[in-house]
Amino acid sequence: MVVTRVLRASSCASCRLSLLRSFTFIAVPAPRFSQASCRLRPSSNAIRHSRLYSSHNINTPNSDGRNKEDVLEEESFGEETQDLDLEESADTGQDLSTVPWYLQVQSPQREPKPLSERQRIPDLPEHPPPILEPLLQRISIDIGLDDLTLLDLRKLDPPPALGANLIMLLGTARSERHLHVSADRLCRWLRTTYKLRPDADGLLGRNELKLKLRRKAKRAKLLGGASDDGGDDGVRTGWVCVDIGVVESAEGDVSVVERQDFVGFGRQTDGVRIVVQMLTEEKRLEIDLEKLWGGILERSKQKVLGEPDENTELETAINALAPPETGTTSSGKSSPSGPLSTVASTRGFHTISSRRREVAVSSYAPYRVPQPPQLDLQELDLKDVFMSVITAIEKNDFDSARASLLKYKAHVPQLEYDNWRPFLLEQLLEHVQNIPTEEALKMLGSGSSDHNSTPFLQCFYKTLSIYPTTSEMEARIWLHCFAAAIDHPGYDISGLMDLHREIQSYGVPISKASYLHLIRGVLRPQADGYYHGPSGKTSQATLDVLDSMYARGFDILDEEIFVELLEATSPQLDASLPSHATYKHPDETFDLISLPMSHVQERLHTLMMVIDVPCFRDESRIRLMEIYAGQRSWKEFVDTWRMAPRLNKPQSPTMYAYLFNKIAETNNQTACMKVLRTYAPEIEREVPPVPIEGAVAKALRACLIVADPFVEEKVEGDASAKGEWVGWWKKCLDVSPNEGGNKAEKLLLYD
């Protein structure tokens, strides 16, 4: 009965709902009626309509130069946020009513700052950009951010991640809504006034902010008044970073001078980048950006001035308190020696806590590794050190050579940090290359798995580090391929692929030249029997190497790789093939008998002709044509010659000289006549025309003599003689007197 009377007495629907919830949820405390009830709260429509009855003219400019339309737009945005403030205040009151008093967290009370101190505008730095002063006025006066701080990070080295030549502004917003409204208005002002494109990270748009709050209120209502303030709802970010971008710097600013030793994030810019950090008061106290960047600036200044910082002073004090060098631990036992103890004793820590921990555990590790005896660096010459090592290697005294480098590496800067290893490996490989083949075979031991049977192998593999580097892996590849090239039976394809898998397991990057060494070593034909192309196992190993190259970012459809593959897969010459296995055509082979290629080589050539690749260089095409001419594959020889015209590229004098000379070497009259009639007229049609001089004239005369053996006698016997080949012979005689000089030597690359 009492409940019924109370419900009838409360005419407000919200009050009735609160009464019902108080009796339904037992754990919830007594209901608290909000003073701003539904009947007393003004509607949003009334607030909006009240703004329409203004006595001012809409098109009249405002005092700050803006039209009334812009002012009304900002006022409408403010009214929307006012409605959202009313909704959030009601939701907050309802959420607080559902939380027990002993679970309500009260923020600590801080002493408020004076208004003049909170609204103080910071001083401008040296050489400020022109936009900085109006930007500060806008942020402080129009937008209303408090406690402005200016951080000049233009001289910071290395530059911060936000960019070089950076000026950072920090300001405090009064609330979460003021934060988003301020960031939005700042971005709009920069776009309209300075035509900039600022990037606001963490900003919620107008409709997005309103929608998120309404969804939050609806979710809280469906949960029966339970509060969900414990998690991040995506609304209370508390931090908006407005990256204004690169603006024009002040005249005479020396901080933007281009540097050659630039190290840091981003790239060098000619202007100044300005970033505005807008935070709520709680968020600003939490992350404390002023302390972070202030410490970085202070350390940067000390580095420039050469002043020691606090960490350096503390390290000096700790070293002064350390016990003297004894080489033994506190227990009296000898300290372990080796790489691990060296690392433990010489490692430099970068934090105070780490240094203190080093002193605490000093009884379990040696304090300092004994240094080698000091040598007179004035008497020590780098050339003498290198010559002593080379002399010891030439005498096959490899241990002495390695011992000399280990002795002097601490006193020679060029040999520090394991730089002595590549030098010693290079000298070892050069030595094994220059000695006789029989001696080299003995020095290389029994095979690729033999690491210590000879003094050379012992020195070579002892020089390698635990974690191999690029130069060390490339040295091992070269040594294996060299041993296979001199027909060492222990260095086969299996050992080379094991080395390739080891490179993949370590993840060591190697150069393109080393990959080509691997391909040559894998595709190298065996010494016994007739070779007509690689086997299936060899082809699969080659594909594995190409996959590794592609994974490392190399272009495997490259002319150098095509040339290497076609050269490695070329079969041995077999002139005893039946006639049905050969090919002959007047245009495609110049009536020369073309022998078939290996299957792999034929597929590679077809792929090279079909895919869209740039025209090969003259050196690469001449190398391919030399391979095809050596195995009498004249069809592919002509295809390679026609690569340039097919791609609308001109032929060079080098290519014409090589073509005429190579066809003349066949001593086939029909082929020479075909080539002269087809390509001799093309010499004068090239753009620019190819001059008939030097190597071109010499190769053309050699081809004319094969086509007509009596052409020279015809011209000498009768100066007015005419004929198909006589005219070309006369053109070849009208050459400059320096025929066969440097230009001819440069053109005859095939000799």
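Thr172 sits in strand E2 (residues 166-173); strands (E, at least two residues) and helices (H or I, at least four) are DSSP runs numbered from the N terminus. The model is predicted: local features need pLDDT of at least 70, side-chain atom pairs count only at pLDDT 80 or more, and totals for chains, interfaces and linings use all residues. Residues are numbered from 1 along each chain as its sequence is written, and side-chain values use heavy atoms, without hydrogens and water.

**Exercise 1.** Decide whether Thr172 is buried or exposed.

*Solution.* Take the cut-offs: buried is under 20% relative accessible area, exposed over 50%, partly exposed in between (1.4 Å probe, protein chains only). Thr172 has 8% relative accessibility, so Thr172 counts as buried.

**Exercise 2.** Find the strand order of the open sheet and its edges.

*Solution.* Strands pair if DSSP finds at least two bridges between them. The five strands run in the order E1-E2-E5-E4-E3, with mixed pairing. Strands E1 (146-153) and E3 (199-201) each have a single partner strand, so they stand at the edges. Now look at E1 and E2: six bridges join them, and they run antiparallel. In E2, Ile167 is the bridge partner of Asp152.

**Exercise 3.** Classify the packing of helix H25 (residues 618-630) against helix H28 (residues 653-665).

*Solution.* Axes are lines fitted to C-alpha atoms, for helices over the stretch in contact (heavy atoms within 4.5 Å). Angles run from 0 to 180 degrees between N-to-C directions. The two axes come within 11 Å and cross at roughly 10 degrees. Angles under 35 degrees count as roughly parallel. Therefore H25 is roughly parallel to H28.

Key. Parallel < 35°, antiparallel > 145°, perpendicular 65-115°, else oblique.
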